[in-house]
Amino acid sequence: MKIIFKLLILVLCFGFSTKTQAQSIIEWSKDYKLKWSDFKAEADTTILAFANTVYKIEILPTNVAVDSNNHIQNYEALTAVAQFYAKLSWVYEEDDNLLKHEQLHFDIAELYARKLRLEFEKLKQEKNANFNAYSAAYNKLWAECKALQMKYDSETNHGIFIEENQKWENDILNKLNSIKSIH
């Protein structure tokens, strides 16, 4: 029962995907920029925003097992990817600057996916298979990602301040370039 409970916690912490979701998920790539046609959900007019990007940092593989010693089986295969959820993301008013703003939300998610991959690599080099170590790394970086996303929206007024948004774009691009992309 303990093993099943830990596996359930892992699935809840790291998320899960269904075939329906998989068809509407875009994995971050330096060669692909979001387009308004990627935003498939109906606009939520109750929210004071012109667009909404739904993203996730997914842990792969999604189906891992944790043994009775709290060790992740095949922990060496763990990695993280930033994903955009098209069927949950929406746009109310299309604008080129707003699209850049939404793209940067996705880029920030990729920045934290890279940071997570680096943390996972450190744990792997230590031959650390402990579930709690990977979960703590994920939770810490996920919280940092969410805080930076909120700061980004606040400082750019959700992309309305174009010059400030450009500063953020340059900063995040530099940070992405400074972290080696590993899978």
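Q: Of the contacts in the protein with a separation of 6 or more, what share is accounted for by residues 24 or more positions apart?
A: This is a predicted model, in which local features need pLDDT of at least 70 and side-chain atom pairs count only at pLDDT 80 or more, while totals for chains, interfaces and linings use all residues. Residues are numbered from 1 along each chain as its sequence is written, and side-chain values use heavy atoms, with hydrogens and water left out. Contact here means heavy atoms within 4.5 Å. Among contacts with a separation of 6 or more, the share from residues 24 or more positions apart is 81%.

Q: In what order do the secondary structure elements of the protein run from the N terminus on?
A: Helices (H or I, at least four residues) and strands (E, at least two) are taken as DSSP runs and numbered from the N terminus. The protein has five helices and five strands. From the N terminus on, their order is α-α-β-β-β-β-β-α-α-α.

Q: What percentage of the residues of the protein count as buried?
A: A residue is buried under 20% relative accessible area, exposed over 50% and partly exposed in between, with a 1.4 Å probe and protein chains only. The protein has 183 residues, and the buried percentage is 43%.

Q: With which side chain does the side chain of H101 make a polar contact?
A: H101 lies in helix α3, residues 96-125, and is buried, because its relative accessible area is 1%. Leaving aside neighbours within four places in sequence, H101 is in contact with several residues, including D153, T156, H158, G159 and N165. A polar contact is a pair of N or O atoms within 3.5 Å; within protein, one must be able to donate a hydrogen and the other to accept it, and residues adjacent in sequence count only if both atoms are side-chain atoms. At 2.8 Å, the polar partner of the H101 side chain is the side chain of Y152.

Q: Why is the aromatic pair of F50 and Y92 classed as it is?
A: Rings of Phe, Tyr and Trp (its six-membered ring) pair if their centres lie within 6.5 Å; planes under 30 degrees apart count as stacked, over 60 as edge-to-face and the rest as tilted. By this rule there are nine aromatic pairs. For F50 and Y92, the ring centres are 6.4 Å apart and the planes lie at 15°, so the pair is stacked.

Q: How many residues apart in sequence are the parts that F50 and Y92 tie together?
A: F50 is partly exposed at 39% relative accessibility, whereas Y92 is exposed at 52%. F50 is in the loop between β1 (25-27) and β2 (51-52), and Y92 is in the loop between β5 (90-91) and α3, so the separation in sequence of the parts tied together is 42 residues.

Q: What is the angle between the planes in the aromatic pair of Y152 and W168?
A: Y152 lies in helix α4 (residues 131-156) and W168 in helix α5 (residues 162-178), so this pair ties together parts that are 16 residues apart in sequence. Y152 is buried at 0% relative accessible area, and W168 is buried at 7%. The pair is tilted, with 5.1 Å from centre to centre and an angle between the planes of 45°.

Q: How is α4 oriented relative to α5, roughly parallel or roughly antiparallel?
A: Axes are lines fitted to C-alpha atoms, for helices over the stretch in contact, and angles run from 0 to 180 degrees between N-to-C directions. The axes of α4 and α5 come within 8 Å and cross at roughly 150°. Angles under 35 degrees count as roughly parallel, over 145 as roughly antiparallel, 65 to 115 as roughly perpendicular and the rest as oblique. The orientation of α4 to α5 is therefore roughly antiparallel.

Q: At roughly what angle do the axes of α3 and α4 cross?
A: α3 is roughly antiparallel to α4. Their axes come within 10 Å, and the crossing angle is roughly 160°.

Q: What is the C-alpha to C-alpha distance between I108 and A82?
A: I108 is in helix α3 and is buried, because its relative accessibility is 0%. Leaving aside neighbours within four places in sequence, I108 is in contact with C145, L148, Q149, Y152, W168 and I172. I108 and A82 are 26 residues apart in sequence, and their C-alpha to C-alpha distance is 9.0 Å.

Q: Which residues does E119 touch, not counting those up to four places away in sequence?
A: E119 is also placed in helix α3 and is partly exposed at 29% relative accessibility. Its C-alpha atom is separated by 9.8 Å from that of T79, which is 40 residues apart along the chain. The residues touched by E119, not counting those up to four places away in sequence, are A137 and L141.
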